[in-house]
Amino acid sequence: KKVPSGAQHGGAGGGIVQKRILQLNQSLKRTVTLEKGLESAERCVKRFLPQTPPTATGYAFAFSYNSSEKVGGDFFDFIPLSENKLGLLIGDVSGHGIDAAILMGITKKVINLRAKGSPSVTPTQVLSQANADLVGDFTKYNFVTALYGILDLPTGLFTFARAGHEIPVLFGPGREPAAVESKGIPMGIDAGRHFNSTLEEKTVLLPRGACLLLFTDGLSECWSSRGEAYSRKRLLFSLGQIKSAMSCERILSSLFETLRDFAGGRAQEDDMTAVLVQRQE
């Protein structure tokens, strides 16, 4: 009996299977390449950020950076300005992934350069100049929130401006945790006039024994397995439970333990970053 042409190789069906296997192999190779690229980007992003906290007589510093994906849009920085002044920066680029990471790196560097540009430059001027530098690099779907301030080390005075970012919190022994309100809209959405007119500079005193927390909205918007957000109210309550004898690192570690307990194992949708400054007794 004559064997139909191509039957030895499974006929038309066999050709389809082989083609599908080839497509799957190519897809797998692309996935592996993409994964390697993301791992490389993750290492690069981590190099953008401080590796250790700064040191200054009479102060302790700590930070925590937790990306919800391999690369994210949160950033922070410690910027030495002089022997007595230290710049503190924290920000959050909208979105996730490679796009957000690229804009994060650009934004952090621009603000850093503007902060170091002149010994007399104010936080409002730094954010205003940085916004003018960056606005053309953002689309209508992108923006960045940021908070930049200058800590005067001898006095404990912290002068800051806030471009739509989370409000800083003062807390410590003998005082209720207090959010320090100020005005400001995100960077990258206005060419300058409206952005500049809404920026509000504030100065607060960090008393001896007290702490200053700067954070991104991933903390207050941490989600539980029940679908509840942690909220700023819970955050303030948690900070009010902090014992004054705890070290700066332990305070921040305790806060993130509370967040993990609240999340109950639920994967978070946003990055969570915090910078803590403690003025010692």
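Select Phe76 to begin: with a relative accessibility of 1%, phenylalanine 76 counts as buried (under 20% relative accessible area; exposed is over 50% and partly exposed lies in between, with a 1.4 Å probe and protein chains only). The model is predicted, so local features need pLDDT of at least 70 and side-chain atom pairs count only at pLDDT 80 or more, while totals for chains, interfaces and linings use all residues. Residues are numbered from 1 along each chain as its sequence is written, and side-chain values use heavy atoms, with hydrogens and water left out.

**Aromatic pairs**

The structure holds seven aromatic pairs (rings of Phe, Tyr and Trp, the last by its six-membered ring, with centres within 6.5 Å; planes under 30 degrees apart are stacked, over 60 edge-to-face and the rest tilted). Display Tyr59 with Phe61: this pair is stacked, at 6.3 Å centre to centre and 25 degrees between the planes. Tyrosine 59 is buried at 6% relative accessibility, and phenylalanine 61 is buried at 5%.

Phenylalanine 63 belongs to strand 1 (residues 59–66) and phenylalanine 76 to strand 2 (residues 74–80), so the pair ties together parts that are 13 residues apart in sequence. Strands (E, at least two residues) and helices (H or I, at least four) are DSSP runs, numbered from the N terminus. Phenylalanine 63 is partly exposed, at 23% relative accessible area. With Phe78 also selected, the view shows a cluster in which ring pairs link Tyr59, Phe61, Phe63, Phe76 and Phe78.

**Nonpolar cores**

Move to Leu127 and Met187, which have the most contacts inside the largest nonpolar core, a set of 50 residues. Such a core consists of buried Ala, Val, Leu, Ile, Met, Phe, Trp, Tyr and Cys residues joined through side-chain atoms within 4.5 Å. Neighbours within four places in sequence aside, leucine 127 is in contact (heavy atoms within 4.5 Å) with residues including Ile111, Tyr148, Arg162, Met187 and Phe195. A second, separate core has 25 residues, among them Ala62, Leu252, Phe256 and Leu276.

**A positive phi**

Select Ser231, in helix 6 (residues 231–240). Its phi is near 80 degrees, a positive value in a residue other than glycine. Most residues other than glycine have a negative phi. Serine 231 is partly exposed, with 25% relative accessible area.

**A last stop in helix 2**

Finish at Ile102, which lies in helix 2 (residues 97–115). Isoleucine 102 is partly exposed, at 48% relative accessible area.
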